[in-house]
Amino acid sequence: MELRTVLSIAGKPGLFKLVAQNKGGVVVESLLDGKRTSISASANVSSLGDIAIYTYEEEVPLRDVFKAMAVVTEGKEAITHKSSKNDLEDFFGEVLPKFDQERVYASDIKKIVQWFNILAKNDLLGILEETEEEA
């Protein structure tokens, strides 16, 4: 599995693994409960491999943010996404010190922390290493 095959679907909790594509949409498997679902092509689906976080200098790919989080947490789960806004921002500031505080909202940080914890819980942090094909 690769980071680009891990999906976030608007309106659905958690993360999903891409199983198959067809002309009507995609078939995904939840990383929370393992259930498979068909998602229509009109749904708002985002690949984690396509997401980047604003900093004051550049946009940092989510893969790099997750790698930094893995270093800070020593490969374990991070603080809970239900932590206070200040705790989440302090943690994220430790992970990505120059994140743009005007364009990266607390809700974004909450999602990123939740996604990281789902990957850590499912032993999927290994997908953060780039393959030659992705590089």
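Asp100 is buried, with a relative accessible area of 9% (buried is under 20%, exposed over 50%, partly exposed in between, with a 1.4 Å probe and protein chains only). This is a predicted model, so local features need pLDDT of at least 70 and side-chain atom pairs count only at pLDDT 80 or more, while totals for chains, interfaces and linings use all residues. Residues are numbered from 1 along each chain as its sequence is written, and side-chain values use heavy atoms, with hydrogens and water left out.

Asp100 sits in the loop between helix 2 (85-95) and helix 3; helices are DSSP runs of H or I with at least four residues, strands are E runs of at least two, and both are numbered from the N terminus. The Asp100 side chain reaches the backbone nitrogen of Glu102 at 3.0 Å. Setting aside residues up to four places away in sequence, Asp100 touches Tyr54, Thr55 and Tyr56, where contact means heavy atoms within 4.5 Å.

On to the helix pair. The axes of helix 1 (residues 62-73) and helix 3 (residues 106-121) come within 11 Å and cross at roughly 70°; axes are lines fitted to C-alpha atoms over the stretch in contact, with angles from 0 to 180 degrees between N-to-C directions. Helix 1 and helix 3 are therefore roughly perpendicular, a label covering 65 to 115 degrees. Helix 1 contributes Leu62, Val65, Phe66, Met69, Ala70 and Thr73 to the contact, and helix 3 contributes Ile112, Val113, Trp115, Phe116 and Leu119.

As for Met1, this residue lies in the segment before strand 1 (6-9) and, at 43% relative accessibility, is partly exposed.

Methods: Angles under 35 degrees count as roughly parallel, over 145 as roughly antiparallel, 65 to 115 as roughly perpendicular and the rest as oblique. A polar contact is a pair of N or O atoms within 3.5 Å; within protein, one must be able to donate a hydrogen and the other to accept it, and residues adjacent in sequence count only if both atoms are side-chain atoms.
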